Amino acid sequence: MARPWLDDDERESVLAVLSSGQLAAGPRVHAFEEALAGYLGREHVVATSSGTAALHAALLALGLGPGDKVLTTPFTFVATANAILYAGATPVFVDIDPLTYNLDPAALAGALDRHPDARAVLVVHLYGLAAAMPMIAALAGDRNLWLIEDCAQAVGAAVGGQKVGTFGQVSAFSFYATKNMTTGEGGAVACDDPALAERVRALINHGQRDRYRHETLGYNLRMAELPAALGLAQLARLPEMNR
């Protein structure tokens, strides 16, 4: 359906990583995180090994787990619901708007009445089309729910000039090979809360805050230097590629 748009910048960036000998996460991952945070207008970005990893880590960092209901769309790639299940929480499906294929705010309002014990809303911006975020964010805010954005297919999309991934407390991005910008495999978590970002960073790195001090159960969900190098080159050309 979509082929990666790769140019000389990507080739040179990858060769530079190979020449450096630094393949595991290093300065290019940090540079990619900083560049993406600047592009989105968020305070913190944590690069991950995939978009699924980003969703998983974001949900865990929010403290969602067994017994917690997360309202989400049934019309999305399976990773959206899988990430909820990975955390031990329960996905509760809410119908879509038949014109946009995104979560229907009216259906969400009804679901919130039926599930007053829900703890979060996980909204998806499908096919690059932003969901009705002002209404969805207001509904989540009124109920004091976590609002999580799955922006796997929508980096660069905006609503009223505000980029997706900046409406909720946390958002997840994918840079899989078919996305509008790619690192081959890769993803990112974006947020403004430094404590939340720190929890995500520990979760994706075996629960470490300092080297070999494993403070919590964690996972190996880090991004490496090669995909970060691709991401830097792709991000620089993202507006052009989106056009």
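Glycine 65 is found in the loop that runs between helix α3 (51-61) and strand β2 (69-72); helices (H or I, at least four residues) and strands (E, at least two) are DSSP runs, numbered from the N terminus. The model is predicted, so that local features need pLDDT of at least 70 and side-chain atom pairs count only at pLDDT 80 or more, while totals for chains, interfaces and linings use all residues. Residues are numbered from 1 along each chain as its sequence is written, and side-chain values use heavy atoms, with hydrogens and water left out.

Not counting residues up to four places away in sequence, glycine 65 touches Ala87, Gly88 and Ala89, where contact means heavy atoms within 4.5 Å.

The largest nonpolar core has 28 residues, and Leu59, Leu64, Val70, Ile148, Val170 and Val200 have the most contacts inside it. Such a core is a set of buried Ala, Val, Leu, Ile, Met, Phe, Trp, Tyr and Cys residues joined through side-chain atoms within 4.5 Å. Helix α3 supplies the largest share of this core, seven residues. Leaving aside neighbours within four places in sequence, isoleucine 148 is in contact with several residues, including Leu59, Leu64 and Val170. A second, separate core of 23 residues includes Leu36, Ala154, Phe173 and Ala188.

Leu36 also belongs to helix α2, where it is one of the residues that meet α8. Among the residues on the α8 side are Ala228, Leu232 and Leu235.

Definitions and conventions
Buried means under 20% relative accessible area, exposed over 50%, partly exposed in between (1.4 Å probe, protein chains only).
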